[in-house]
Amino acid sequence: MMPYNCVPNTLTIYRKDKTLVEILERLKSLEGGLRNLEGKVDNLNARGTLPLSIYSPIQSNPSPTTLDTSRISSWPLQNVHLHSPSISSASTRDVQYVSATHKILSWPFIQQVLENKVPNLDLASLEKDGAAMLLWLQGRTISLPTSISESLNIGGEGPSLPLQVPHSSQVDGMQARELNINWETMQRLAKSYFDTFNLIHPIMDRQAFQSEVLPTIANHGFDESSTSTLACLVFALGEVAISAVQGAPINTHKGRPSGIRGGTIERPPGLLLFNEARRRMGFNLTECSLENVQMFALATYLNMELNLPRTGLDKIEALVGLPDFSGSYSEDDYLGNQASHFQEYFASQIVLRRLSVEFHTTLTNEATDKVRKAFGPTHVPVETSIPPATVMIKQMAAQLDQWRGLLPVYLCWEEEHPGAFPNPTEELYGDQSMYPSPIPDLHSNFMFKADLDDPPVSYPYAVDIQAASLRTRYYYVKYLIYRPFIFKALHRPEQMTRDDADGVVECLKASLKWPIAMSPTCFHKRLVPCVFFWSQNLLGILLILHLTRQVPILMRIRTMMGNKFDQDANETAVLYIDWIRDLKDADATALWCWEILKGIYSLGDDT
């Protein structure tokens, strides 16, 4: 494939977005601050506290009549004696911060709950080999059929589009097949891919593909080259994208269509073309080319979709530079970016992901073990100081807020309203806008909705997937860095301080109504990368929300957060349960999550 700055004889549009460049430049300053974070934490551990002027000062208890229920500012400075069931100190000494949901299930308090509610769950194996166990689940599904002697059906009600596969012929001692797709079908599949998956993760050069690859295949047919393999993968994903929106749902539940559309559980859309790509990939393994990198990146999409082993491409992430989209690109991509801002969404997600990796590294680094022991059984914080671990988490939250503050206005949304439309600007509602018009009141009209019975809105350019992914990852990272306070509340409630309670509040607020699980995105699950990742995390949140109705200290915090939180938490539980229920017949991880939820929430299979 040709680089972006070498596309000949085409309409090219040179445009270097100033906002995008600023996002990438500011990443350096964020990363610099993170690199210094560990040193700051070590110093904090020596000093024991941070000057209170950096954050809001600790205040004496206000009158109950002035309580702000959005924050637990009335939490007493002295330790709070609200005991959970007794847990051995020895059993909790090594558990503070964890990132994976299966490790939450290994928390001593959670284990007690699961032993009572889900007695058949193998907690010993989960604690020992949780990650391997979940990966094994992803590979446990029904083997995909390899037969390609079928017709290609794209969309829901339209006619079948022929995929002609003549009988095998002998070529140089190998069995070769001739794969023929008509020009109209190739154009439609390619456009579908480039208007969806390639906007979510810009991997391919649309102009080079359309001007070089498509004509070559149309004139000479498919061969065993990496270019033909790449084309098969693009066409396969194009079929997935069409089916994900236009295809028939694989089932219905109480009159509500499934969010998994197109094909069947055994034969998902794109399988025919994917099998053709898999057959050819063996010929391309030894090539060192851009096409090979693109080929395995695209295959990763389908590996996740079809529950196949990963390609290992993620291992070379550190060698890949940040995109700046500074070269030329096609008119279609220019118009797509004007309407969806996919470049900014993509760059912003890269920045956010790198922040989350830095947070994870800092929280798990052995160099910060002394700080993390602030959550351990032997640490009793001084009444008038902020524990070092709390300071560390607040600094991370400040970095996260800084990332959010750098977002372009057309990507921003109200913090307290995950489903709101982006902040209003005139260009949101221009001729190229994907948003419905008119929008009289952004506070009563939302891009993402919790009402799953309301017909979902269709946004072109997969903009709902792009926006939902960015926002959900933001709330996920925030939820993750504050989750150690949930651990402390469950295992050492007698040591809880006001700052700890504030941490619990932030964790709970960050767990609510993730757009990925709301309408319309939840009805386009085949377009959502790594659905099994989200299923696991939604399970963890559902467990925590359940405990806010069972554990005295969490019950008190939930009550103090007010009726609005209670309503949102209830809607969140409905959304997340529906997500897992909808996927349980098609995804082994979701089925595993469902079995746990049935015990915790007393659900039936027809719930």
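In the protein chain, residues 24 or more positions apart account for 75% of the contacts with a separation of 6 or more; a contact means heavy atoms within 4.5 Å. This is a predicted model, in which local features need pLDDT of at least 70 and side-chain atom pairs count only at pLDDT 80 or more, while totals for chains, interfaces and linings use all residues. Residues are numbered from 1 along each chain as its sequence is written, and side-chain values use heavy atoms, with hydrogens and water left out.

**Overall composition**

- The protein chain has 23 helices and 6 strands, which are DSSP runs numbered from the N terminus (helices H or I, at least four residues; strands E, at least two).
- Of its 607 residues, 54% count as buried (buried is under 20% relative accessible area, exposed over 50%, partly exposed in between, with a 1.4 Å probe and protein chains only).

**Packing of helices α7 and α10**

- Two packed helices are described by the angle between their axes and the distance between the axes.
- The axes of helix α7 (residues 183-194) and helix α10 (residues 226-246) come within 7 Å and cross at roughly 75°; axes are lines fitted to C-alpha atoms over the stretch in contact, and angles run from 0 to 180 degrees between N-to-C directions.
- Helix α7 is therefore roughly perpendicular to α10, a term that covers angles of 65 to 115 degrees.
- Residues making this contact include Met186 and Leu189 of α7, and Val234 and Phe235 of α10.

**Salt bridges**

- The structure holds 26 salt bridges, each being a side-chain nitrogen of Lys or Arg within 4 Å of a carboxyl oxygen of Asp or Glu.
- Asp332 forms a salt bridge with Arg206, and their closest N and O atoms are 3.8 Å apart.
- Because Asp332 lies in helix α13 (residues 331-340) and Arg206 in helix α9 (residues 206-220), this pair ties together parts that are 126 residues apart in sequence.
- Asp332 is partly exposed at 34% relative accessible area, whereas Arg206 is buried at 1%.
- Lys513 and Glu571 meet through their side chains in a salt bridge of 2.8 Å, N to O.
- Lys513 is buried, with a relative accessible area of 17%, and Glu571 is partly exposed, with 26%.
- A network of salt bridges links Arg404, Glu415, Glu416, Lys478, Glu506 and Lys509.
- Within this group, the side chains of Glu416 and Lys509 meet at 4.0 Å, N to O.

Terms used: Angles under 35 degrees count as roughly parallel, over 145 as roughly antiparallel, 65 to 115 as roughly perpendicular and the rest as oblique.
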